[in-house]
Amino acid sequence: MNMSITLRQRILLTLLPLLILLAVMGGAGVFLLRHLGGSIDVILRENYDSVVAMQELKEALERIDSSFQFQLVSHGLQDATERTKLSENARMHFDSNWESFEHALAVENINVTIHPVEDRLAQSLRELSERYRMQGRRFYESGQSGPVLHQEYYGKGGLYDSFLLIKQQADDILQLNQREMKQASHAASQAASTSLIYLSVGLAAAECLAGLLAWHAIRSTLRPIQAVTQAVMGIRAGNLDQVVPVFSRDELGQLAEAFNVMARHLRDYRQSQTAHLLRAQRTGQATIDSFPDAVLVIDADARVEMANPVARRLFGVAPKTPEQPASGIWQPPDALRQPLEEALLGQRDYLPESFDRIVLLGESGWERAFLPRIMTIRDTQGHTLGAAVLLQDVTRLRLLDQMKSNLVATASHELKTPLTSVRLAVHLLLEESTGPLTSKQIELLLDARENSERLLSMVNNLLDLARLEQGRPQLDVQMASPASLLRDAADAVRVRAQDKSVTLIVDVPGVLPEVAVDTSRMGHALSNLLDNALTYTDSGGTISLSAELVGRDIILSVKDTGSGIPPEYVPHVFEKFFRVPGQSRGSGTGLGLAIVNEIVTAHGGTVSCESQPGIGTAFHIRLPTVVDDFPREGAARSGGPASEPVR
């Protein structure tokens, strides 16, 4: 039969002897204290009362003897009155002190403890006291003269001799009890010393036994715990081949067995997870290898974890390996360093759409254009694990876009000359330089002039947009205050706003820093925004222009109280030729806001739109306050007409 002791039972068996020792030592201590207390009580109760009684008896005896002397003195007085008075006082003194004497004698008679010596002394004291009292009564009742009384007091066997005998007897009883008290005190002291020795020996033995039991309990308890702790530290270090020896079958033994089972399961789980991770890694590598574009997976330390063959050929990088964890170093192009750092910090992804953010790689003359995508990789808790970098080869698309832009620019340029001639001819005809016109002819010519002006405006916008996209001319950068930019733009449309009964408000703080802009280009962009706002703001509405400093950037805002834009169309307002369905006013072509976006982008800024149908629309231009924060290339000077509505 397997008799196993649990940890609880082991602890109880360890503590039980200690509890028994404590009980024994406590009982012994209580017994010794009670014994000592009883000894002291005997000393006080049996002997001290006799000592006190004898002292009181002697005091009463002295006062009785004094009464006899007063009586003798009274007989020597000549004055009868004084003699009588003193005699009465002496008799009264005799009677009153006999009460105290007899009380002390009674206490001694009932408190005889030292046998047989004290018995004899007490009996003798009683006999002497009785005889002494009888002598005293005869002394007062005889009525004899002074000499006779003097003989009765001082004569042999008289009152004075009896007084001395009684006093001596009381002293003997007193000394006998005092000696007994000393002996009892000495015996109590010896008993206390003996008890202290026995108690000290018992405590020392108890401490030794307790220390032995505690050492055994600590050793038997800590040894398996230390083994489990060392195994846990080994597992924390990655060594799962840990086995804890089972020292017993109690709870600690069960803990060791459970730990061994857990370690075995962890080993099995690691093997299965390793296989699963290896399979997932191979699947992921095969997936990115199938991409036609360059794909890189960067860890949190900015090292390459995975790269497909295109990326390896393009950048000459190799992913890090367990054998070479320091490998996988990649130096990204300058244009991607800041976006990659932000993605690794989990701040934001980098997902540009336009060709102005492309990265050119390769030798001069054989360069290829790549549109980068950098996305943060996060776990299920939202912690940043790294970033994925995708470089989409857009060389062919860029060439097609350039061909399209060149075609549009060429066509627009070729159309502009004949349109100018047609426009001039229409003007000359309307001025009747060639002869008078009928009303029908004038009507047709006015319609032709309006359409030619509209067509010429569209051609100029196309040319302007083509120049901005090509980015060949440089910006004429100047330092300008946000207030002057907004006021100049407002002044340009103020008459039109007054004619339409629209309130124009310019609200700019006077402490804003200046911005480095091409004032002509930025004025063109603001003019387009104001034209758009005036077109879609009804009479009685308000257009507000404001500027504010946010961080290191200046934000120029144009807000109106017009019809607003439905939410699903807001992301498309800066696209070319886009107009909000069902809200188009005027004769625009949908290029005004696209031109604004190109101008702001050329300045290194961004433009955004906020709108609520029925409430109004707000456009925000964000410009850097530092000159080096934007590229000088990217915008062409436009000499075409101002703006046109896009909705």
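Here is a short tour of ring pairs, a helix crossing and a hairpin.

Before you click, know that this is a predicted model, where local features need pLDDT of at least 70, side-chain atom pairs count only at pLDDT 80 or more, and totals for chains, interfaces and linings use all residues. Residues are numbered from 1 along each chain as its sequence is written, and side-chain values use heavy atoms, with hydrogens and water left out.

**Stop one: rings.** Select Phe-68 and Tyr-132. Their ring centres are 5.8 Å apart and their planes sit at 80 degrees, so this pair is edge-to-face (rings of Phe, Tyr and Trp, its six-membered ring, pair if centres lie within 6.5 Å; edge-to-face means planes over 60 degrees apart). Phe-68 is in helix α1 and Tyr-132 in helix α3, so the pair ties together parts 64 residues apart in sequence (helices are DSSP runs of H or I, at least four residues; strands are runs of E, at least two). Both Phe-68 and Tyr-132 are buried (under 20% relative accessible area, 1.4 Å probe, protein chains only).

Now pick Trp-98 and Phe-101, three residues apart in helix α2. These two are buried as well.

**Stop two: helices.** Show residues 519-535 (α12) and 592-602 (α13): their axes come within 9 Å and cross at roughly 145 degrees (axes are lines fitted to C-alpha atoms over the stretch in contact; angles run from 0 to 180 degrees between N-to-C directions). Contact means heavy atoms within 4.5 Å; among the residues that meet are Met-522 in α12 and Ile-595 in α13.

**Last stop: the hairpin.** Find Ala-302, which takes a positive phi near 65 degrees in the hairpin of β1 and β2.

Technical notes:
Pairing = 2+ DSSP bridges. Phe/Tyr/Trp six-rings, centres within 6.5 Å; stacked < 30°, edge-to-face > 60°. Buried < 20%, exposed > 50% of the residue type's maximum accessible area, 1.4 Å probe, protein only.
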